[in-house]
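Welcome, and please keep your viewer open beside this text. We will go from one selection to the next and look at what is there.

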Amino acid sequence: MTTFNKSLRKVMLLIAIGFLIFWSVAPIAWIFISSISPTVELFSRPPHWIPYNPTLKNYMDLLVTGRGFRGATVIPAVRYFRRGLVNSLIYAVTTTLIMAIFSSITGYVFARYNFPLKNVLFYLFIGVIPIPGWAVLITIYQIFATAGLLNTLHGMILLFITYRLPIDTWLMKSYFESIPRDIEEAAMIDGCSKLEAMFKVVMPIALPGVAAVLIVSFISTWNAFLAPLIFTFTEEAKPLTVVISEFIGQYYVEWDLMSAAAVIAIIPPLFFAFIFQKYLIQGLTKGAVKY
Amino acid sequence: MKMRLGNIRRRESAVALLLLSPAIFLLILFVYYPALNTLPLSFFEYNLKIPWRKKFVGLSNYMKIFVKDGDFARSFTNTIVFMTVTISLSMLVGLFFAIILNEKFPGRGLVRSIMLLPWVIPPVVNGYMWQWILNGQWGALNGLLYQAGLIKDYIVWLANPTYSILWCAFVQAWRDSPFISVILLAALQSIPLELIEASKVDGADAVQRFIYVVLPLLRPSLTVAFIIELINSFMAFDVIYALTGVDPATRTLMIYNFQVAFQFLEFGYGAALSYVLFAIGLIFAHFYIKVIYGGGR
């Protein structure tokens, strides 16, 4: 009886795992299959689950040869797409690197320094998290317009950094708090200043926390859509997410190009998530949940 | 000696504030100043297309929202439907996956990575991906249901006002559930094994163990996940925008505010709307801070 129960349990677990994998992978697998399907096969009923003649044409169209799409009378699609890809990389990499240093400092200050209004200032940081965008975005639009920051890379990066600050600071703060104080106190007795002690002694131990900041910041900046949708207008500053949204015309959608573009946009965050899974989970749980 | 200690303290405070000042500057410039500055704007009639006709109208923007604006009422209802479905579905799926991943089996690390996939990909791309899957002419879902003999004809899922809001909620839940799983999995792993063993000895079966032992211990984390998902689903934009654009049938408050401010360029009315959303957000923020600091109790 117990062995029967045990194997029944095993079978049920197996079915559940199978469901989990199908649920998470199937939609992404389908967009990938679509991206390597020739246009004729893409538009077939019922769908060709496995394309008879797989092709890389859609990728070539996007990255190398170029092909007309809705906006192509003005800008060739290929230049537009490649530029979006480069912009997204610039946004994600710059924001991520700046945040790694920036949030280490702010996190360390909140974890280790004593100063007046500390709690109030910390609330000032995390109070940002639940504010819905519009109340802020309407005025930022006016500030950006006055300061000439609309449709610029540096304007967007400033905004990305500001909105990463709360969670990344919080994350680093809780990471530093989990490191015993004796370590830097020993270094300070040896004549280091507090800040020197931080960089020389504490930072090496805090690297996993920095890794979590790197990965969470990269993914969230790469995925950003709402702010760039409002603040960028031309290829100079549009990230990939906004470029992709333009494959959707009012009457017609370029599903073949769209699916290839989607796959390209999915790859970097996917890659990082797989390599740094451990830090990602740490970043998620520590950044959003205190314990 | 006492003097020196005081000096050191003062120096420490000065260094701390100096180090924080760039961050505080950014937060004031791009968060708090804008948040306050939007308020006066909400008392004006101000359209960016005709900026010279800026006119003080007092509270009439707010009057319009609550009394006259049928689009607001509809968007409000849509938001409630969207949030209810998203939160319940993502919590259920998230809990289910957390329970699976808490079991020991070979390849668990890999399955855990796979579980994260929906959360990792850009939400707007996620929306387009599902729009393709749900496509009424060539979509994979239609193909699947057709081949399985469940439907006789392809269904245009996203053009049907009843289905479309449910699909938006479904896709949002598909994206959010991994995050909830991660939170709940951390909580499940911290449950002491002795407790489970003890309840086994007492003769509790798996279902009883779950309801009477595991669930009460999960409650703080479930609360945290609920609050986070409350905020997430309230602020959801990318997925809905990608799936159905500004279609009235799926237009939530976030989408409606975007449409008013950045498509109609009604900055005055948009500011008033955004302040109403802000007020709702503040209520959530209150719970958020309370729950996160209280450890979920």
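How many residues of chain B are in contact with chain A? Select both chains to find out, and keep in mind that this is a predicted model. On the chain B side, 73 residues are in contact with 72 residues of chain A. Now highlight helix α1 of chain B, residues 2–41: this helix provides 17 residues, the largest share of the side of chain B that touches chain A. Colour that side of chain B by residue type and you will find 58 nonpolar residues, eleven polar ones and four charged ones.

**Next stop: the domains of chain A**

Select residues 1–55 of chain A for domain 1, then 74–288 for domain 2. The C-alpha centres of these two domains of chain A are 33 Å apart. Seven residues from domain 1 of chain A and seven from domain 2 of chain A take part in the contact. On the domain 1 side, the elements giving two or more residues are α1 (2–35) and α2 (39–42) of chain A. Of these, α1(A) gives the most, with five residues. By type, the domain 1 side of this contact has four nonpolar residues, three polar ones and no charged ones.

**Then a helix pair in chain B**

From α3(B), pick Phe82(B), Met83(B), Thr86(B), Ile87(B), Ser90(B), Met91(B) and Gly94(B).

**Last stop: two loop residues**

Bring chain A back and zoom in on Asn151(A), in the loop between α6 (134–147) and α7 (153–177) of chain A. Its phi is near 60°, a positive value in a residue other than glycine. Asn151(A) counts as partly exposed because it has 17 C-beta neighbours inside 10 Å.

Finally, move to Leu265(B), which is found in the loop between α11 (253–263) and α12 (267–293) of chain B. Phi of Leu265(B) is near 60°, a positive value in a residue that is not glycine. With 14 C-beta neighbours inside 10 Å, Leu265(B) counts as partly exposed.

Definitions and conventions. Residues numbered from 1 in each chain as written. Chains lettered and ligands numbered in written order. Predicted model: local features only at pLDDT ≥ 70, side-chain atom pairs only at ≥ 80, totals over all residues. Contact = placed C-beta atoms within 7 Å. Helix = DSSP H or I, 4+ residues; strand = E, 2+ residues; numbered from the N terminus. Nonpolar A, V, L, I, M, F, W, Y, C, P; charged D, E, K, R; others polar. Domains from an automatic or database assignment. Buried ≥ 20, exposed ≤ 12 C-beta atoms within 10 Å, placed from the backbone.
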